[in-house]
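Here is a short briefing to read alongside the model. Take a moment with the sequence and the fold, then follow the points below.

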Amino acid sequence: MENKKSNYLYGLIGKNISYSFSRGYFSKKFETLDLNHHSYVNFDINVINELDEVLKKNKTNLKGLNVTIPYKEDIIPFLDSLDKRARKIGAVNTVKITKKGRLKGYNTDFYGFKNSLEPLLEKQHRKALILGTGGASKAVAYALKKLGINYKFVSRKAEDNKMYNYSQLTKEIIEDHLIIINCTPLGTSPNISEKPNIPYEYIGKQHILYDLIYNPAESAFLKSGKDNGAKIKNGLEMLELQAEKAWQIWQ
């Protein structure tokens with residue numbers, strides 16, 4: 001987990017992240033910008049407590065981190081401070097390490113999602129269903145709120161009246177919520193036949209189906225929406241936008 005060659009080291013904190021978008025994206029970016037002393041690595045950790053070891057081993061050159069599943073919420077107690085927006089969202093996907101070695105958390109998922117969804121919106125898109133309740137879903141909810149779109153979470157365990165259980169999703173609910181966002185990992189490669197258990201037969205041409213997954217480019221969730229005439233979008237543009245925002249913060 002140590003990298004001594006680079007003066008400016010960046011990395012991704014997550015679990016089982018060999019597939020990661022970030023490493024390829026930033027390595028290519030550094031090459032394009034001729035930033036020879038910059039490098040990007042994956043810090044694949046089994047539990048969040050292993051972050052301490054990562055920070056200790058790379059103390060001299062680590063400048064910034066991206067954070068992915070399942071640590072977007074778990075990382076917060078390890079940070080010295082939070083950006084105002086990240087505090088409101090309750091999840092962090094970008095960490096800046098200052099010259100004094102202090103860690104500040106930000107959320108750029110919100111920015112990536114909001115700016116990639118907005119061009120698809122039409123006047124009928126006033127209500128959304130958010131499938132899943134992890135860290136990424138919090139950024140999605142915050143973005144929808146900023147766009148003036150009402151939303152409900154869908155979870156296997158509906159804890160309160162702000163949520164639906166998957167078994168509660170009726171024809172009326174699906175037809176009333178014309179944006180459906182998959183924030184679960186269901187359908188990610190290699191398990192590409194999996195998809196959230198919703199009644200796809202009630203999805204129509206007025207719907208937008210948005211999947212935070214980008215590998216495969218067309219998930220089983222998106223394909224089921226497309227087959228019924230819905231507009232579909234995967235998470236690649238969101239990832240690119242949030243990565244660029246992270247780069248701005250690190251700079």
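What follows covers the sheet and its helices, the aromatic rings, and one serine.

This is a predicted model, in which local features need pLDDT of at least 70 and side-chain atom pairs count only at pLDDT 80 or more, while totals for chains, interfaces and linings use all residues. Residues are numbered from 1 along each chain as its sequence is written, and side-chain values use heavy atoms, leaving out hydrogens and water. Helices (H or I, at least four residues) and strands (E, at least two) are DSSP runs, numbered from the N terminus.

**The sheet**

- Six strands make up an open sheet with parallel pairing, ordered β9-β8-β7-β10-β11-β12; two strands pair if DSSP finds at least two bridges between them.
- At the edges are β9 (163-165) and β12 (231-233), each of which pairs on one side only.
- From one strand to the next, the twist averages 20°; axes here are lines fitted to C-alpha atoms, for helices over the stretch in contact, and angles run from 0 to 180 degrees between N-to-C directions.
- Four bridges join strand β10 (residues 179-182) to strand β11 (residues 208-211) in the parallel sense, and N182 has D211 as its bridge partner in β11.

**Helices on the sheet**

- Helix α4 (residues 109-117) packs on the sheet and touches β10, β11 and β12, where contact means heavy atoms within 4.5 Å. The direction of α4 makes about 150° with that of β11.
- Helix α7 (residues 220-227) also packs on the sheet, touching β7 (127-131), β10, β11 and β12, and its direction makes about 165° with that of β11.
- Which residues of α7 are buried? They are A220, F221, L222, S224 and G225, and they pack against β7, β10, β11 and β12. Buried means under 20% relative accessible area, exposed over 50%, and partly exposed in between (1.4 Å probe, protein chains only).

**Aromatic rings**

- The structure holds 15 aromatic pairs. Rings of Phe, Tyr and Trp (its six-membered ring) pair if their centres lie within 6.5 Å; planes under 30 degrees apart count as stacked, over 60 as edge-to-face and the rest as tilted.
- F21 and Y214 are an edge-to-face pair, 5.9 Å centre to centre with 70° between the planes. This pair links F21 in helix α1 (residues 21-32) with Y214 in the loop between β11 and α7, 193 residues apart.
- F21 is buried, at 13% relative accessible area, whereas Y214 is partly exposed at 21%.
- Y200 and F221 are edge-to-face too, at 6.2 Å centre to centre and 70° between the planes. Y200 lies in the loop between β10 and β11, and F221, 21 residues apart from it, lies in helix α7; both are buried.
- Ring pairs also join Y10, F21, Y25, F26, F30, Y40, Y214, W247 and W250 into a cluster.

**A buried serine**

- S137 belongs to helix α5 (residues 135-146) and is buried, with a relative accessible area of 1%.
- Not counting residues up to four places away in sequence, S137 touches I130, G132, F153 and C183.
- The side chain of S137 reaches the backbone oxygen of G134 at 2.6 Å. Such a polar contact is a pair of N or O atoms within 3.5 Å; within protein, one must be able to donate a hydrogen and the other to accept it, and residues adjacent in sequence count only if both atoms are side-chain atoms.
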